[in-house]
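Welcome to this structure, and thank you for taking a look. Here are a few points to guide a first reading.

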Amino acid sequence: MEIYVVKQGDTVDTIAQSFGVPVESVIYNNQLFSPYRLAIGQALLVPSESQPPGRSIRTGGYAYSSINEEILTQTLPWLSGLFVFSYGFTPEGYLIPPNPDDSFMIALAKDYAVKPILSLTPRDSESAFNNNLIHTVINDEAKTETLIESLTATVLQKGFQGVDLDFEYILPQDRLPYIAFVKKVRSAVNAIGYELSVALAPKTSGSQQGILYEGMDYPGLGEAADSVLLMTYEWGYTYGPPMAVAPINEVRRVVEYAVSVISPGKINLGIPNYGYDWTLPFIRGQSYATALSLEYAVQLAIDHDAVIEFDPVAMSPYFHYTAGGSEHEVWFEDVRSIQEKFDLIKEYGLRGAIYWQIMKFFRPNWILLENNFRIL
């Protein structure tokens, strides 16, 4: 595939003609819809001379059990693992299953030879992340054993083929107890024939300050788990100022630190499958951004005749538009910014890519992925 950036006066017909490819391929590859309007600055995938596929990687995607079945079916052919988000647990260590039921996800994943992965989070009965819940369970041997027994029993009963721990906001004093907990979970999960992955907040040094980072020990967790996920997204987030969700300059800093203390063959790069729309002016404590799918972000630019720009440092697309008398700023991912992430995976020899999240289908990403790698 070749990436082409739309210029003034371009149409799908003229682009297809200039590359000598069928119009239908441009439409399909880029998930375009009639009447096939384009935005200036929009990045398109265009077929080019075939090249040998790249090296093999593992891929994964997080999904809530409320995912549309058609979207899941469209996505599964490009995945190695489906991360079912998420199971919580009580202060006593008993699992709280997702709602609605996730059985159809497990069955569909297996139909496509994709491993269904149970994602465990410290979510309480109110579905909120709770670091006190982590502290309560991992520092009590009996509660830890109850949680591990409940976890492995559910894996076997429901037919999961792996476990993922997404524990965030770990208290600084729980840094070492969490590593010990991960080792125990891995031992139990390995004993029934499966692997354990652990999600890591995006650190750039071992001494990084902040509630997201201080309890997250990269070397210890990298050794304790079978694989890790770098959560390299959310620089631009709901309550923060407008900026790229996953600026490549920041993502690179995280990867550089991670590979210095964890084997690259254990590391999966997190890739966002969404963008944000901010209403300006941004006022900290009052403003918030609205999440939007990558397909809808482009459509928003088209509907408002906005020109899509591309930041040369963040290597991410963005645009401005006006609606209802208010100015908006949108940052999202496209095939250019995603290719930058794929290039990092190649450069550092990482294990693979895991997407947060796959609730919306963006075909150009998956075609680009297949153009870069073989999927294990």
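1. Let us begin with Arg351 and Glu195, which form a salt bridge with their closest N and O atoms 3.6 Å apart; the term stands for a side-chain nitrogen of Lys or Arg within 4 Å of a carboxyl oxygen of Asp or Glu. This pair ties together distant parts of the chain, 156 residues apart: Arg351 is in the loop between helix H11 (335-348) and strand S16 (352-356), and Glu195 is in the loop between H7 and S8. Arg351 counts as buried because its relative accessibility is 19%, whereas Glu195 is partly exposed at 44% (buried is under 20% relative accessible area, exposed over 50%, partly exposed in between, with a 1.4 Å probe and protein chains only).

2. A word on the source: this is a predicted model, in which local features need pLDDT of at least 70 and side-chain atom pairs count only at pLDDT 80 or more, while totals for chains, interfaces and linings use all residues. Residues are numbered from 1 along each chain as its sequence is written, and side-chain values use heavy atoms, with hydrogens and water left out.

3. How many salt bridges does a search of the whole structure find? The search gives ten. One of the pairs is Arg175 with Asp217, at 2.6 Å from N to O. This pair also links distant parts of the chain, with Arg175 in helix H7 (residues 175-191) and Asp217 in the loop between S8 and H8, 42 residues apart. Asp217 is buried, at 13% relative accessible area, and Arg175 is partly exposed, at 30%.

4. Helix H9 (residues 248-261) holds both Glu250 and Arg253, three residues apart, about one turn of the helix. Their salt bridge has its closest N and O atoms 3.0 Å apart. Asp101, Asp102 and Lys158 are linked in a network of salt bridges.

5. Now for the largest pocket, with about 930 Å³ of space (a pocket is an open set of points on a 1 Å grid over the protein atoms alone, where a 1.4 Å probe fits, with protein on both sides within 12 Å along at least five of seven lines; lining residues have an atom within 4 Å of a point). Of its 34 lining residues, Glu168, Tyr233, Glu234, Tyr237 and Tyr274 are the closest to the centre. Strand S3 (56-64) and strand S12 (290-292) each supply at least two residues of the lining.

Conventions. Points joined across faces, edges and corners; volume = space filled by probe spheres on them. Helix = DSSP H or I, 4+ residues; strand = E, 2+ residues; numbered from the N terminus.
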